[in-house]
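User: I'm new to reading protein models and would like a close look at one spot in this one. Could you take me through it slowly and then show me what else is around?

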2 protein chains.
Amino acid sequence: MPGLTIGDTIPNLQVESTHGVIKLHDFLSSSWTILFSHPGDFTPVCTTELGKMAAYAPEFEKRGVKLLGLSCDDVVSHVEWIKDVEAFTPGSKVTYPIISDPNREVIKQLNMVEPDEKDHSGNTVPSRALHIVGPDLKIKLSFLYPASTGRNMDEVMRVVESLQRAAKHKVATPANWKPGDPVVISPSVSNEEAKKMFPQGYEAPDLPSGKDYLRFTHVD
Amino acid sequence: MPGLTIGDTIPNLQVESTHGVIKLHDFLSSSWTILFSHPGDFTPVCTTELGKMAAYAPEFEKRGVKLLGLSCDDVVSHVEWIKDVEAFTPGSKVTYPIISDPNREVIKQLNMVEPDEKDHSGNTVPSRALHIVGPDLKIKLSFLYPASTGRNMDEVMRVVESLQRAAKHKVATPANWKPGDPVVISPSVSNEEAKKMFPQGYEAPDLPSGKDYLRFTHVD
């Protein structure tokens, strides 16, 4: 399924990884997962990214979020390379599995192909794709970055916090929101319902239209 | 072309907008463009997002980046709603065009469909998709966020800065990079070439593998 996008179910592929064979649905079910690909082992941006991901892993774990890496290198390469990753980001431990996809089957099915770069042998490589997958095995949010742009783990953490609040309450998070900032009440909630659902109250700024769709409240 | 993703060329659609009829290739060619969709006018997160986008617009313009919004509401609705957007984000002016796609044709072709929400009439709505399109009309980077998660314009600005540096120099930006931080030299550049290409020099930290693929330098 090329073009896999938000709302789609991750296919139940069986993959090789640094933690042995994984059936994706077994790994993904009943928790949130950050599934992220990198163009190649022993390359610069990837080394910084996997180290940062390892450094943030305890914070993701606190939020019930698993990590799952992926590139087309073999498992032996991953294991050797992890030494560089951990050395470059002191204190980090790569305890999450990294998938090995030498046949480029997984990256095609998961919409993680880099359009502009090839490896030394002219083979396709993964982009810096990152899918946040819900406990229902569906993609909730995706970043598709090219090889040249390392991801921002603070933004990944921010959207995890947003997705989890929206899964728990009938709220959404405004532009540039950070945890602690007010959230907005979903348009599907009437004012009557909102008063019951959010006993802490809400504020609706005056707008030229006179409509009150913009309702701010606080949730944990 | 459902599943439009990074590396793909934006189709040359003719669209209606608050600035009249636009042929996408005419609009997109010879500059960078941020093409972003929102679920609906007169809804909370979108109001905060379009205001922030307007507030950041002068900074995008300095970098040669145009903005182009999109939802399925009609142009009359967009024009009325802009008053709310500007009132909620004081000082912002929505000077960029917003596409109107009442038939849901454009959002399907641009991979901007929200999987989980419908409007009051049960029609499909756009997700919070955002494609950064290069002067060659190709998608360089995409964010696909659900209706519940407002985008972060600081992250959008960060990746624009990264993409533009990578287009100008043979460099990439590491995880969590911000303008002013060191960048890394592309693996395709040999050490010999790097010395000529980056007369300012570069630093390569010692790694357990003994390899020197991680080379940091500074560029504007």
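Leaving aside its neighbours within four places in sequence, which residues is Thr149(B) in contact with?

Analyst: Before we dig in, a word on the ground rules. This is a predicted model, where local features need pLDDT of at least 70, side-chain atom pairs count only at pLDDT 80 or more, and totals for chains, interfaces and linings use all residues. Residues are numbered from 1 along each chain as its sequence is written, chains are lettered from A and ligands numbered from 1 in the order in which they are written, and side-chain values use heavy atoms, with hydrogens and water left out.

Now to your residue. Setting aside its neighbours within four places in sequence, Thr149(B) touches Leu141(A), Val159(A), Ser162(A), Leu163(A), Thr173(A), Glu49(B) and Arg128(B). Contact here means heavy atoms within 4.5 Å. Thr149(B) itself sits in the loop between strand 9 (139-145) and helix 5 (153-168) of chain B. Helices (H or I, at least four residues) and strands (E, at least two) are DSSP runs, numbered from the N terminus. With 0% relative accessibility, Thr149(B) counts as buried. The cut-offs are under 20% relative accessible area for buried, over 50% for exposed, and partly exposed in between (1.4 Å probe, protein chains only). Watch the chain letters, too: Leu163(A) is on the contact list, while the C-alpha atoms of Thr149(B) and Leu163(B), 14 residues apart along the chain, are separated by 24 Å.

Let's hop over to helix 5 (residues 153-168) of chain A, where Arg158(A) and Glu155(A) both lie, three residues apart, about one turn of the helix. Arg158(A) forms a salt bridge with Glu155(A), and their closest N and O atoms are 2.7 Å apart. A salt bridge is a side-chain nitrogen of Lys or Arg within 4 Å of a carboxyl oxygen of Asp or Glu. Both partners are buried: Arg158(A) has 5% relative accessibility, and Glu155(A) has 1%.

Arg104(B) lies in the loop between strand 5 (98-100) and helix 4 (105-109) of chain B, and Asp119(B) in the loop between strand 6 (113-118) and strand 7 (124-126) of chain B, so the pair ties together parts that are 15 residues apart in sequence. Arg104(B) is buried, at 11% relative accessible area, whereas Asp119(B) is partly exposed at 27%. Elsewhere, salt bridges that share partners join Glu59(A), Lys62(A), Arg63(A), Glu161(A) and Arg165(A) into one network. Over all chains, the count comes to 22 salt bridges by this rule.

Glu80(A) is partly exposed at 39%, and so is Lys83(A) at 43%.

Helix 3 (residues 75-88) of chain A also packs against helix 2 (residues 44-62) of chain A, at an angle of about 70° and with the axes 8 Å apart. Axes are lines fitted to C-alpha atoms, for helices over the stretch in contact, and angles run from 0 to 180 degrees between N-to-C directions. The two helices are therefore roughly perpendicular to each other. For the labels, under 35 degrees is roughly parallel, over 145 roughly antiparallel, 65 to 115 roughly perpendicular, and the rest oblique. On the helix 2 side you'll find Cys46(A), Thr47(A), Thr48(A), Leu50(A) and Gly51(A), which meet Trp81(A), Asp84(A), Val85(A) and Phe88(A) in helix 3.

Finally, a backbone detail. Most residues other than glycine have a negative phi, and most peptide bonds are trans. Ser30(A) isn't a glycine, yet has a positive phi of about 65°. Ser30(A) is in the loop between helix 1 (24-28) and strand 3 (32-37) of chain A, and counts as exposed at 68% relative accessibility. Leu137(A), also not a glycine, has a positive phi near 75°.
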